[in-house]
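Thanks for making time this morning; I would like to walk you through one structure and stop at a few places in it. Please have the view open as I speak.

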Amino acid sequence: MATWQDDLQFYTFHFMHYTDLPADQKKYDSLWVDFSNKNFDAKKGHALYQRYMAEMVLADRLGYDGLALNEHHNTVYSLNPVVTIMAAALIPQTKNAKICVFGVPLNLEMPNRLAEAYAMLDVMSNGRLEIALPLGTGMEYWANSINPAVARARFREGLEVLLQAWTQDGPTSYDGEFYSYRYLNPWPKPMQKPHPKIAIVGTGSPETIQIAAEHGYAYSSVFVPIVAQEKTFAKLREEMPKYGHEFTPDKAIFNAIVYVAETDEIAERECKEHVQFFFEDATRTTARYLSPPGYISAEQLRMRAAATASHGGFDWEALTQQWRVVFGTPEKVANTLGKWCESANSSRVLVHHHIGDMPHWKVVKNMTLFAEEVIPRLRTRKKAAAAPAPTLQGAK
Amino acid sequence: MSIEWKAEEHTVNGVKTQVLSAGKGEPLMFWHGAGTGGGWDFLAPLTEKFKVYLPYHPGWGGSADETSMTTTQDFVMHYLELLDLMKLGKVDLVGFSMGGWFASTFATQHSERLKKLVLVAPAGLRVKEHPTLDLFKIKPEEIAPYLAENLAALGPPPDPTDIDFIVNAYREQTSLARIAWERIYDSKLPKYLHRITVPTLFVWGKQDRIIPEAQSATWTKLVKGSKLQTFSPAGHLVLNEKPEAVKAIGEFLAA
C-alpha cells in the first residue's frame, strides 16, 4: 500500500481576503452576506489582486505542487466570487504548479457551464487543473438564488450531470428534478481523461464524506481542527472500500494554517495578529447565516447550537492547542506536519501561508522558508515503517 | 380558556399527520401558519359551536417531515386525501397566513369540498405596492414585534437561547423554505381565484406588519362576493389579539 511519503505534495491555499475594513467593522455581527459592499474600494481591490497573484506566482517559482483557490460570495473573506477567473489569470503566469480550484459551489452554477469552465482551464493549462466540489457554506445560499432546503439533493444531481458531461461523448441527454438537458455536449472537454482530479471539500458532515466515499474522491476538510480532520479521514478510509474504491494517501488532504520563522517566539509574534484577524474578522458571521433553513438537519443544528461557534471567535490558546495554527521553526513545523501525515496516511498538505491581513513580506518569508526548510525535511523524514507513527491522541 | 385537544394520527399518502380536535358541531378545519409556537387557545370560542380539526402541516408541530412537499399543490393534495381519510364530506375551512395560502389554493380547485371559507391574513399573493415581509430576513428571536400590536396577548416570549426553541424554529423554517424560499406567493394564484365559489370572509389586523392589510383590496376584488372584516389595533396574529375576530368568524360560518 502506498504511504504518505511516496507522493508527498504541498499546496498553498490563498483565500484572497479583502482586508481594508472600516474602523467600525467590529460593530457588525457578520462580514458575510449583508456587510455592505459600499465598503469595497476598487483601487484597493486592484492592488490586492496584483499582490495576491504575485504571491501565487512566487509559490509556483518556489516549487509548490499546487496553487489552491476558492470562492465565496457577499463577503470580505474572498475577492474570488468567480474563482475560475482568478484561475485563468494564473495560468499564463505559472509553469508547473497545478491550479487547484477548490472550488465553485456546484449548486451556484449550471453544471454544463461548470463542465465548460473547468474544461477550458484544463485545456488552457495543458492539464494542470485539479478541482474540488463544495456544497458551499450556508452563507452562499443567502447570497444566491438557490434554495438551501434542497441543496444536498441538487448537489448530487449537479454532480451527476458534470460527470456525465465528462465521461460520455456528447450529445447525451439528462432528465432530472433540478436540471434537464436535451443536448448535453459541452465543448471543450478536459485535457486530463476522463476529467481533472476531483476532491470533495466540506466541514466533515456525514453527507459530504459519503459522496467522496461513493465516488472514491479525495476529501478536504476546512474550518475544522486537526483532530476532526483526522476523524474525517478515518471515516473516508473506512467507507471507501464499501463502494469498491481504494483509499490512497492523496485522498486525504490536510489543511493547516502555518507560519515559519527563525524561532518559535518570532513566529508567534509575527503571525498572531493575522491569525486573530482571520478568526475574529474574516470568518465572522452569524449562526443564522451559517445554517440557512434546511442547509442542515434539525438534529445537526442541535449539535451545532450546543457546540462553540466555529466562526468569528479567537482564542489563541485553544487554536494552538487544537493545532489549527502551526507556527515556529522549520524543525518544529516539519515535525508537527509529519506526525499528522503519518498518522492519517495523508500525502497532501494544503497550507495557508497568507493568513488574514498578513502583509506581503511575511507571506513571502513564510512561503519561502516553508518551501526551502520545511518541505525538504518532510521529504526526507524517516519513513513511517522505520519509526512507529505517533498518534493524534496527544493533540486536544 | 384552554382547550382540551384530542390528538389522532393519520397516515396520508405515507406522511404521518397529527390532527388535533376539540368541540362539538359541524366540522371546521383550521390550517395554521408558518409557526406553531404560540398555542391554539384563541380558537376556544369556535369549539363551542363547531368540531374544530387542527391538522399540523407536514413539517410542523406533531406531523412528520416530508421533504417532497415543495409546493402549495402538495399541500392541496395532502388535505384532499386527509378529508377523504377522515370521511369529512364538506367542511368549513379557516386558513391563517401560510395556511391561508394553502386554503385559497385548495378552494380554487375544490370548492365542492367546502361550505364556507375564511382567510385570515393570507399569504400567497404578490401585491407589489404592499409586499409581504420576507420572514427569512427576521431572526426567530426578533420576530415577536412583527407579529402583534399587543405583545401581551402572545403570552411570555420564548427564551432565544433555549435549544429546543432554536431547533423547532429551524425545523419549521426549513419546511417553509421548501415551498417559499424563493418567494412566498404564487404568481398564478390571481388568475384562478375566481374559481372560489363558496362564501368567503377575509379577516385582517389593520396593523399587520407581515402581510399588510392593504393586500386585502386585491383579494376581495379577485374572490367574487367576498367580505372583509378588519380589526384595530391588531397585527398579524389578529386571532390571538382580538377575541372579537374569532367571534366574527364563528358568526360568519354559522350564518
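Predicted model: local features only at pLDDT ≥ 70, side-chain atom pairs only at ≥ 80, totals over all residues.

Gly103(A) sits in the loop that runs between β3 (98–101) and α3 (111–124) of chain A, and the peptide bond that joins Phe102(A) to Gly103(A) is cis, with omega at about 5 degrees. As background, most peptide bonds are trans.

Let me step back to the chain as a whole. Chain A is built from 13 helices and eleven strands; its radius of gyration is 20 Å, close to the 21 Å that the globule rule gives for 396 residues, so chain A is as compact as a globular protein of that length. Its C-alpha atoms fill a box of roughly 60 × 55 × 45 Å along the principal axes, and 49% of its 396 residues count as buried. Among the contacts in chain A with a separation of 6 or more, 76% are between residues 24 or more positions apart.

Within that chain, strand β9 (residues 252–260) runs parallel to β10(A) and is joined to it by four bridges, and Val258(A) has Val326(A) as its bridge partner in β10(A). Is strand β10 of chain A covered on one face or on both? The answer is both: Val325(A) and Phe327(A) are buried on one side, and Val326(A) and Gly328(A) are buried on the other.

For contrast, please find His360(A), which is placed in helix α13 (residues 360–379) of chain A. His360(A) has 13 other C-beta atoms within 10 Å and is therefore classed as partly exposed, since a residue counts as buried when that number is 20 or more and as exposed when it is 12 or fewer. The C-alpha atom of His360(A) is separated by 22 Å from that of Ala23(A), which is 337 residues away along the chain.

Now to the partner. Chain B has nine helices and eight strands, and its radius of gyration of 17 Å is close to the 18 Å that the globule rule gives for 255 residues, so chain B too is as compact as a globular protein of its length. Of those 255 residues, 45% are buried.

Strand β6 (residues 114–120) of chain B pairs with strand β7 (residues 200–205) of chain B in the parallel sense, over four bridges, and Leu117(B) has Thr200(B) as its bridge partner.

Two loop residues of chain B deserve a look at their backbone. Lys87(B), in the loop between α2 and β5, has a positive phi of about 55 degrees although it is not a glycine, and with 6 C-beta neighbours inside 10 Å it counts as exposed. Ala121(B), in the loop between β6 and α4 (144–147) of chain B, has a positive phi of about 40 degrees, but Ala121(B) is buried, with 27 other C-beta atoms within 10 Å.

Finally, the contact between the chains takes twelve residues from chain A and 14 residues from chain B. The largest share of chain A's side, five residues, comes from helix α10 (residues 298–306). The axes of α10(A) and helix α5 (residues 163–180) of chain B come within 9 Å and cross at roughly 145 degrees, and the crossing is right-handed. Among the residues making this helix contact are Leu301(A) and Arg302(A) from α10(A), and Ile166(B) and Tyr170(B) from α5(B); by class, the helix contact has eight nonpolar, one polar and two charged residues.

Technical notes: Residues numbered from 1 in each chain as written. Chains lettered and ligands numbered in written order. Contact = placed C-beta atoms within 7 Å. Rg over C-alpha atoms; globule rule 2.2 N^0.38 Å. Axes fitted to C-alpha atoms, helices over the stretch in contact; angles between N-to-C directions. Left-handed = near helix turned anticlockwise from the far one by under 90°. Nonpolar A, V, L, I, M, F, W, Y, C, P; charged D, E, K, R; others polar. Pairing = 2+ DSSP bridges.
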